[in-house]
Amino acid sequence: MENFDINEIHEQADILIVGGGIAGLSAAVSAKEKNPDADVLIVEKQTTGYGGKANKGGGVLQYFDLEHISPEDFIQYHAHSVGCYLGDQDVMKKYVGMNNEMLDRMEQWGVTIPKKRIPTGPMTYMVGIDLNVTLNVRRTAEKMGVRIIDKVTICDFLTDDNKVRGAVGYSIVDGTFYTFNAKAVILASGSQNYKFAPMWSNGRGDGIAAAYRAGAKMRNTEFGNFAQLYKKNTFQEDVFCENHMYNALGENVTKNFRRFPEADVSASAIREWYEQMSEGKGPVYVKIPPRDEELMQKIWDRPYGIPFWTADHAKAAGKDKEMEMVPGLVAEQSPVKVNIDMETSIDGMYAAGDVSYCGSGAPGAVPAPPGRNRGSGILNAVFAGIVSGEHAADYIKEVDNFTLDDFEITRLKNDAFAPLLRPSGLDPEEVISDVQNILCPVENSIFMSESRLKIALKKLGKVKEKVSQLKADDYHQMLYCHEAESMVLCAEMQLRASMMRKESRGWFLREDYPMMDNKNWLEWIIVQNKDGEMTFDTEKVPVEKYDVQPPVMM
């Protein structure tokens with residue numbers, strides 16, 4: 001197989017950034033600001049500036065009024081009400097403390113930051129930005145000399161003695177095989193979303209899988225179960241609809257799980273939908289409050305995005321004031337483990353944004369952004385991009401160039417092109433659909449039990465056997481094969497860690513273990529590939545060193 005004819009290109013850079021969304025772009029600009037002489041290269045499998053989710057509909061930043069609250073104030077709120085003592089309070093404190101700096105730097109990078117702040121919680125606000133945010137930062141990056149290669153996907157990392165040496169990938173247009181020799185790598189390829197929910201589905205977990213295969217540690221894989229409520233008639237998400245939920249009997253069911261409107265959806269809203277349907281009281285509806293489009297345009301000064309949102313809302317709402325709601329899995333698994341400097345467990349490899357949000361430990365017992373803090377997604381990506389970019393820019397000063405292992409490159413090339421070279425096999429969409437059918441039901445991913453998780457894992461085992469049979473007819477389909485393989489891997493990490501965590505905490509709900517267990521489960525679950533075997537271990541949350549302590553452990 002190693003003799004098949006394919007064009008090959010070798011690239012060298014000081015810092016290789018995998019992913020051209022807001023996290024990757026922030027890392028690139030920050031690295032150049034820190035070290036202007038650094039050769040920084042972004043590789044994006046689609047188009048840099050259009051990749052990721054920042055320009056897909058979110059368009060909001062989290063804002064903290066640091067003149068009136070301190071990072072410590074927010075940590076108190078977050079630890080008790082959101083992260084449920086499972087968070088790394090040091091990382092969260094650093095994130096909050098950099099709030100004003102991040103907004104100022106984004107403005108310097110060409111992003112328009114409106115002055116209107118909209119309250120979203122007891123201590124937070126939202127700032128609405130337009131959907132061209134990443135395009136503006138790309139222009140800044142290019143002016144600073146950042147190199148960009150689009151339409152190339154990174155499929156594996158090159159390491160030696162637990163040090164990153166570069167990566168390999170291929171063009172999804174013509175199949176050209178690329179080798180990248182780099183002193184440092186920043187992984188900013190996004191989360192795992194299982195190709196299901198609109199807007200979020202571009203996160204396919206291929207970067208997570210590549211890091212896992214390279215031996216990088218994963219943390220909090222069980223928190224890949226974010227879900228939202230969607231309008232059944234159009235499957236468009238309806239943010240804040242959980243504050244206005246009614247069953248088929250006309251009963252307000254929001255009051256069963258929520259005493260007052262909150263800033264973002266919690267797993268309890270999804271559990272309530274499940275219980276209402278199980279009791280035969282469904283469907284569940286939302287009674288839509290009147291929407292003032294003129295006021296919305298004044299609040300959201302976003303001319304690039306408003307025509308899209310206006311048309312979308314009109315199509316979804318129609319003439320109905322009550323619409324049936326159904327849960328949709330967003331997933332947002334983001335488990336690559338990093339420390340406060342965004343360093344992974346592999347020397348020279350960093351991770352930023354949605355690929356490592358839960359892996360940073362910062363959010364605690366919630367999935368990746370919005371993580372019950374609307375607007376934290378983009379800003380967390382900017383935060384992690386700045387931190388990783390600056391640290392990588394310093395790291396490369398102490399690293400010499402090195403020679404890549406040709407034998408390893410050939411092996412990874414053969415692995416990458418295997419689906420294309422098989423004479424026959426399975427369509428990757430079949431495997432993707434299988435994974436979706438296992439994870440999307442509420443009872444398998446949101447409101448779980450040991451018996452249901454065992455059944456889901458048994459089904460996934462059969463799907464896993466199909467991975468070696470995936471067949472591609474072209475380079476785009478070869479990418480889908482690798483994405484399908486990544487989805488199977490991420491689903492296994494999620495389900496097995498969910499089985500392991502025997503408690504309910506924050507977003508994570510076990511029907512058979514309904515209480516938070518601070519005696520046994522103030523621990524992070526760590527997943528790592530060791531000689532081809534998926535291993536699971538735990539690491540105690542160092543609560544004794546944090547400012548906010550959990551209740552007395554019983």
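**Salt bridges, sheets and ring pairs in a predicted model**

D90 is partly exposed, with a relative accessible area of 28%, where buried denotes under 20% relative accessible area, exposed over 50% and partly exposed the range in between (1.4 Å probe, protein chains only). The structure is a predicted model, in which local features need pLDDT of at least 70 and side-chain atom pairs count only at pLDDT 80 or more, while totals for chains, interfaces and linings use all residues. Residues are numbered from 1 along each chain as its sequence is written, and side-chain values use heavy atoms, with hydrogens and water left out.

The structure holds 40 salt bridges, a salt bridge being a side-chain nitrogen of Lys or Arg within 4 Å of a carboxyl oxygen of Asp or Glu. One of them joins D90 to K545, with the closest N and O atoms 3.2 Å apart; because D90 belongs to helix α4 (residues 89–97) and K545 to the segment after β19, this pair ties together parts that are 455 residues apart in sequence. Helices (H or I, at least four residues) and strands (E, at least two) are DSSP runs, numbered from the N terminus. K545 is itself exposed, at a relative accessible area of 52%. A salt bridge of 2.5 Å, N to O, is found between the side chains of K195 and E429; K195 lies in the loop between β9 (177–187) and α7 and E429 in helix α13 (residues 428–439), so that parts 234 residues apart in sequence are tied together. K195 is partly exposed at 22% relative accessibility, as is E429 with a relative accessible area of 33%. Within helix α15, by contrast, E450 and K454 are four residues apart, about one turn of the helix, and form a salt bridge whose closest N and O atoms are 3.4 Å apart. A network of salt bridges links E33, E101, R105 and E390.

An open sheet of three strands has the order β10-β18-β19 with antiparallel pairing, two strands being paired if DSSP finds at least two bridges between them. Its edge strands, β10 (218–219) and β19 (533–540), each pair on one side only. Two bridges join β10 to the antiparallel strand β18 (residues 523–530), and R219 has I526 in β18 as its bridge partner. Helix α7 (residues 206–213) packs on this sheet, touching β10, β18 and β19, and its direction makes about 70° with that of β18; contact means heavy atoms within 4.5 Å, and axes are lines fitted to C-alpha atoms, for helices over the stretch in contact, with angles from 0 to 180 degrees between N-to-C directions. The charged end of R219 also sits over the ring of W524, 4.4 Å from its centre, the criterion being NZ of Lys or CZ of Arg within 6 Å of the ring centre and within 35 degrees of the ring normal.

Twelve aromatic pairs are present, defined by rings of Phe, Tyr and Trp (its six-membered ring) with centres within 6.5 Å, planes under 30 degrees apart counting as stacked, over 60 as edge-to-face and the rest as tilted. The rings of Y170 and F417 form a tilted pair, since their centres are 5.9 Å apart and their planes stand at 55°. This pair links Y170 in strand β8 (residues 163–171) with F417 in helix α12 (residues 406–421), 247 residues apart, and both Y170 and F417 are buried.
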